[in-house]
Every structure is written in structure tokens, then in C-alpha cells.
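Subject: Structure handover

Hi,

Here is the structure I promised to pass on to you. Have a look at it first, and then read my notes below.

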Amino acid sequence: MGILSTEGATTLTVPHPSQAPALLGGTFTTPWFVVDDDRTKDFEKASYHDEYPHAYEGEDGYGEGLVEGFHLLSLLDVLCNHSVWSEGPWIAWNYGLDNVRFVSVVRTTDPFRVHGHVREVVDRGEQGHLVVTDLRAEVRGRERPGFVATQRALWSTV
């Protein structure tokens, strides 16, 4: 399914990556997203999760349609790229994640979106700027988020 709806989505942009400090304190919301069952199987195959030595099946394990935590984290790149960027020539390098917590189960039937708040922008000189963003995955109709994390991305010019 992928992107389900842009309802309520907001963006956060700057004209050039050198202006990344202007992102500080800004917020964004990604489009609503639903993970497709076929993509879950593809992720399991690509990550060798399909060779897990302690298999689980249906309701006896985690239930049907579970989206594995690392699969959810892998979606941050595509989701956030819809909502926060620079207009100028730039590239954002994945610098890491902190404080990742999987708060509630996300299933392939659950629409979710990510809310982001730029907490810090660190000047790295010629390397560019390290943009630190607090993220929260809202699951439609649920009070508790699917997951929370702090993302670090190094924005630099190309």
C-alpha cells in the first residue's frame, strides 16, 4: 500500500543545506503510511529474518501482520524524506538512532505517520550540519505511539 494519504502532512524545508540551523525547533508530519503484506515478506527475506531459528506462527506467537521493529525503522528514511529537506544540492547521511523504543505493536493493517521535532542542529564545519530530530510514530486511532526514536542525520552539500 505505501502512502495512504497526505491528510495532515506538513513539511519543513530550507533553501540550502547551509541554512540547516533554521530548522531548529521546527516540526513536521509525514503522510499516513500502511505497510503492505508483500513488502513485509520481502523485508523478512532481505534481512534473513525468514531464516529465524525459532519460528513463530499466527496467534501462538506475535499475531498476524506484525511489522517487525527494524522494518519500521527502515521506513524512516522514505517517510521523513517526504517531509523534511533542503531545496539546494545536498545529501543527508544516516548518522544513527538513539533512544529507540517500540511502544505498541504495528500491524500491516495499521495506518501510521511520523511526527518530527528538530531538537538540535550542530555545525560540523566543512562536513555540514548534524540535524537531531525526535520522532514519534502515531498509529491511527491509538493513543500510544507505535515507536519513538531520536534520529541523527548529517546534512552536507554535494
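Let's start with Leu 23. If you skip its neighbours within four places in sequence, Leu 23 is in contact with Leu 12, Thr 13, Val 14, Val 118, Val 131 and Trp 155. Before you go further, do keep in mind that this is a predicted model.

Leu 23 also turns up in the largest nonpolar core, which has 27 residues. Along with Phe 112 and Trp 155, Leu 23 is among the residues with the most contacts inside that core. Which elements give two or more residues to this core? They are β2 (12-14), α2 (69-74), α3 (76-81), β7 (112-123), β8 and β9.

Next, the aromatic rings. Searching the whole structure turns up 3 aromatic pairs. One of them is made by Trp 90 and Trp 155: the ring centres are 4.5 Å apart and the planes sit at 35°, so this pair is tilted. Trp 90 belongs to strand β6 (residues 90-102) and Trp 155 to strand β9, so the pair ties together parts that are 65 residues apart in sequence. Is Trp 155 buried or exposed? Trp 155 counts as buried, because its relative accessibility is 4%.

Phe 102 and Phe 147 form another tilted aromatic pair, with 6.5 Å from centre to centre and 55° between the planes. This pair, too, links distant parts of the chain, as Phe 102 is in strand β6 and Phe 147 in strand β9, 45 residues apart. As for burial, Phe 147 has a relative accessibility of 1%, so it counts as buried, whereas Phe 102 is partly exposed, with a relative accessible area of 43%.

Now for strand β8 (residues 129-139), where you will find His 129. With a relative accessible area of 11%, His 129 is buried; the cut-off for that is under 20%. Leaving aside neighbours within four places in sequence, the residues in contact with His 129 include Pro 17, Ser 18, Ala 20 and Pro 21, as well as Val 121, Val 122, Asp 123 and Arg 124. Ala 153, Leu 154 and Trp 155 are in contact with His 129 as well.

Last, the surface. Ile 91, Trp 93 and Val 158 make a nonpolar patch there of about 330 Å². Val 158 sits in the segment after β9 (147-157), and counts as exposed because its relative accessibility is 74%.

Cheers

Definitions and conventions
Residues numbered from 1 in each chain as written. Predicted model: local features only at pLDDT ≥ 70, side-chain atom pairs only at ≥ 80, totals over all residues. Heavy atoms only, no water. Patch = residues over 30% accessible without salt bridge, like charges linked within 9 Å, V, L, I, M, F, W, Y side chains within 5 Å. Areas by Shrake-Rupley, 256 points an atom, 1.4 Å probe, with all protein chains shown as cover. Salt bridge = Lys/Arg side-chain N within 4 Å of Asp/Glu carboxyl O. Helix = DSSP H or I, 4+ residues; strand = E, 2+ residues; numbered from the N terminus. Buried < 20%, exposed > 50% of the residue type's maximum accessible area, 1.4 Å probe, protein only. Contact = heavy atoms within 4.5 Å. Core = buried A, V, L, I, M, F, W, Y, C linked by side-chain atoms within 4.5 Å. Phe/Tyr/Trp six-rings, centres within 6.5 Å; stacked < 30°, edge-to-face > 60°.
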